[in-house]
Amino acid sequence: MTVFFCKQYLGRIVLFVLFIALFVPVTAMAEVDKDYIKEHYPEVYRQIYEEGKASVSTPSAKPDATSKVADSSKPAAADSAKATGPGDNWWEHISLKYKPLPENLLLHVEAQFTPVYKWGNTTGYQIDGQGAVVLRKQRFTNSLNYQITQKLTKDASGSQSTDDYQTFQESLQYDLTENLYTQAGYIWERDRVNMVKQRNIEYAGIGYYLFDTPRHKLEFFLSGGYQTEIYYSLIEDLLNLTQTSLPVVYFYESYKINITSYLFYNEIFRIIQNMSTTPVFAPNEFGIYVEDHRVHRYRWTLINALGYTFDKHLAVIASHKMDYDSSAWPTVLGTDNVFKVSLRVSF
């Protein structure tokens, strides 16, 4: 009886001991601190904790659709910001085309040197020089332009003057919208062929860009002003006229197309219309010039130019300029033509 009892419980004790021997080490291993494994079994630690963690976290690292859209929009936004900044030809466009407006002062300088062939009142070759400076601060643009033409050939009388034509223009522009602006300015001219010792025009008006894109630009400007002409002594002696002063209307139109990234065409038209009448002189039976009748005199200039830009600093431009005076002096032709090929340097 006692032996049977001992055998029965002996089997249970053996099973319990086997359970403890198998279960406890496994449980203890699970509860072992990972720092212990890292210190004594670094290779096992790397495989279990580092590589295992990386493989688990990889799927969640993939960007979702929202992040893809956000990332894909970044280059477009950068390109848009670049496109709206001041470009190489900012002085040819209205300031409000660029967003945001540049805070710093913008400066552009250019110069042209031109051998000229002219026909009309004088025929022959001349030297033409032009310079321009443009300053812009936000919506304000200030422009200064100067041109001088010096003769290399003598006229019909055999005399040679030191300068044939000079002009200076100063203008201040304020941009109202992306297409509309106001401008006030001053034009000074010396025109020896037309016996004008000094012509002064003060004007103010409004301008409009019908379109202003990187490829096409069409601009109109209309203003009112006041003109004063002071003449050389020959006009005073011949016509008994020293000067005239009267109101005028000044209109300007310009169209430019960039045919390619290097080739461009530019057309410019300008007309100044007198609002008051001026006398037209004709010789009487004694050969003395007297006032015959009065007209509303006007003068216009048309320029057609084709240019090739080598880079943003250097260009060559071939152009034809026609000047017309509706009521030229008795000894002066009403039409003058100039053809020239200019070398333009700009910064």
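Reader: Starting with the strands, how many bridges join E5 to strand E6 (residues 196-212)?

Author: Strands here are DSSP runs of E of at least two residues, numbered from the N terminus, as helices are (H or I, at least four residues). Two strands pair if DSSP finds at least two bridges between them. E5 and E6 run antiparallel, and the number of bridges joining them is 11.

Reader: Before I go on, what kind of model is this?

Author: Residues are numbered from 1 along each chain as its sequence is written, and side-chain values use heavy atoms, with hydrogens and water left out. Local features need pLDDT of at least 70, side-chain atom pairs count only at pLDDT 80 or more, and totals for chains, interfaces and linings use all residues, since the model is predicted.

Reader: Which residue in E6 is the bridge partner of Tyr-186?

Author: E5 and E6 make a hairpin with 4 residues between the strands, and Met-195 in that hairpin has a positive phi near 60°. Over in E6, the bridge partner of Tyr-186 is Glu-202.

Reader: Is Thr-309 buried or exposed?

Author: Thr-309 sits in strand E12 (residues 298-309). Leaving aside neighbours within four places in sequence, its contacts (heavy atoms within 4.5 Å) include Tyr-262, Phe-264 and Arg-344. Buried means under 20% relative accessible area, exposed over 50%, and partly exposed in between, with a 1.4 Å probe and protein chains only. Thr-309 has a relative accessible area of 17%, so call it buried.

Reader: Which elements give two or more residues to the nonpolar patch?

Author: The patch covers about 880 Å², and its members include Leu-107, Val-109, Leu-343 and Val-345. Patch residues have over 30% relative accessible area and no salt bridge, with like charges joined within 9 Å and nonpolar side chains (Val, Leu, Ile, Met, Phe, Trp, Tyr) within 5 Å; a salt bridge is a side-chain nitrogen of Lys or Arg within 4 Å of a carboxyl oxygen of Asp or Glu. Areas come from the Shrake-Rupley method with a 1.4 Å probe, and for residues only the protein chains shown count as cover. The elements are strand E1 (106-119) and strand E14 (335-346).

Reader: What is the relative accessible area of Leu-343?

Author: Leu-343 belongs to strand E14. Leu-343 counts as partly exposed because its relative accessible area is 42%.
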